[in-house]
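Here is a short briefing for a reader new to this structure. Look at the sequence and the model first, then read on.

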Amino acid sequence: MNKTKGLDFIKRYTMILVLIVVTAFFAWRTGGTILLPMNVSSLISQNAYVFILATGMLLCILTGGNIDLSVGSVVCFVGAIGAVLMVNMKMNMWLAILIMFVIGTLIGAFQGFWIAYVRIPPFIVTLAGMLAFRGLSNVVLQGMTVSIKDCTTFVNLFGGGADCYIPDFFGNGPINLTCVFAGVIAAVIFAVLQLKNRADKVKKGYEAPSMGSTIGKIVVIAAVILAFSYRLAQHKGIPSVLIWVLIVIMVYGYITSNTTVGRYFYAVGGNEKATKLSGINTNKVYFLAYMNMGFLAALAGMVTIARMTSAQPTYGQNYEMDAIGSCFIGGASAYGGTGTVPGVIVGAVLMGVINLGMSLMGVDQNMQKVVKGLVLLAAVIFDVVSKRGGKLIAKN
């Protein structure tokens with residue numbers, strides 16, 4: 001019985017264990033450089049778009065292993081429109097932000113219509129979108145770079161400027177006390193929610209983890225939260241882009257685990273025919289998944305141009321691959337119906353650690369792509385083989 005529980009624990013937390021091992025490896029190889037406060041902060045800022053896009057991509061994948069290949073181009077297109085509106089047309093920042101969100105959502109709805117109601121394969125629709133919106137980005141920018149350095153409020157709001165950190169409300173010492181305080185609050189909230197969830201399961205007669213394992217989980221996760229917040233506090237505190245990432249994670253984590261609509265995505269991916277026979281509008285589920293992807297791509301576009309302080313026709317290249325890779329590495333099934341927002345975030349952090357670690361080690365960019373590709377393949381192999389009961393070769 002203990003052996004079975006041990007195997008179940010390893011299977012459930014495989015990617016977390018891998019993340020710990022990979023982080024420890026790079027900490028050793030870089031002499032601890034990867035764990036410096038500045039690099040921890042950079043890990044968040046440089047990979048914010050991955051966290052945002054991967055969360056939206058998860059909903060698409062849940063519907064049956066479907067993906068959106070157009071998100072990188074949509075990020076570039078929406079960012080290009082925003083830069084042109086704010087710089088060339090001198091439009092009010094808030095109105096430009098609203099327009100960017102509307103355009104991103106409409107793009108998602110447009111692609112979602114063909115996928116959900118006309119039933120054109122998502123691969124074809126989003127591949128067409130990838131080409132079309134990349135071309136439109138060039139048209140909007142006329143092949144030029146548009147600088148938004150003078151749009152300081154926008155840049156700082158979405159995490160790109162030198163002042164893009166939450167100010168320390170308790171002073172300006174070497175340690176950002178606001179960041180430390182926020183970490184303590186986050187750890188306490190996590191502990192309370194875990195204990196409450198366990199109590200609710202026990203009260204309703206559901207199978208619940210033992211109190212010992214629950215306490216152990218709380219201690220480990222709380223320690224990670226506190227260590228992470230302390231590292232950020234040693235640099236400049238909480239990056240403003242982290243607030244956007246946390247909002248996305250909390251909102252979509254709640255939607256996927258605590259709402260009826262969220263469960264529909266899992267149901268469609270598990271068995272679409274049975275879901276449709278139960279009275280659920282599966283076409284609407286597909287439509288919502290891709291419309292939402294467009295909305296989050298717009299947010300990622302804002303984050304991208306803010307970090308770069310400009311808009312270029314080349315931005316967003318391979319963003320879709322980072323998002324898809326983070327989902328599969330984080331435990332989303334290639335067949336749909338399985339995956340969680342926390343798992344996707346673990347996958348995105350793992351990808352970020354690998355990128356940062358190899359960059360600090362001076363590994364060639366081409367070799368970095370090789371490593372990332374192999375990590376993605378290994379994650380999908382693990383998912384497929386585990387569903388076959390550990391059998392590597394499928395029977396005819």
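The sulfur of C60 has its closest cysteine sulfur in C327, 8.7 Å away, which is too far for a bond. A disulfide needs the two sulfur atoms within 2.5 Å. Keep in mind that this is a predicted model.

**Cysteines**
- C60 has 0% relative accessibility, so this residue counts as buried.
- C151 takes part in no disulfide either; its nearest cysteine sulfur belongs to C164 and lies 15 Å away.
- C151 is buried too, at a relative accessible area of 17%, because the cut-off for buried is under 20%.
- Across the structure, the disulfide count is zero.

**Fold and overall shape**
- The protein contains 16 helices and two strands.
- The C-alpha trace spans about 65 × 60 × 45 Å along the principal axes of the protein.

**Packing**
- Of the 396 residues, 46% are buried.
- Among contacts with a separation of 6 or more, 77% join residues 24 or more positions apart.

**Surface and charge**
- The protein carries 28 positive and 12 negative side chains. The centres of these two sets are 8 Å apart.

Definitions and conventions:
Residues numbered from 1 in each chain as written. Predicted model: local features only at pLDDT ≥ 70, side-chain atom pairs only at ≥ 80, totals over all residues. Heavy atoms only, no water. Helix = DSSP H or I, 4+ residues; strand = E, 2+ residues; numbered from the N terminus. Buried < 20%, exposed > 50% of the residue type's maximum accessible area, 1.4 Å probe, protein only. Contact = heavy atoms within 4.5 Å. Lys, Arg positive; Asp, Glu negative; His and termini not counted. Charge placed at Lys NZ, Arg CZ, Asp CG, Glu CD.
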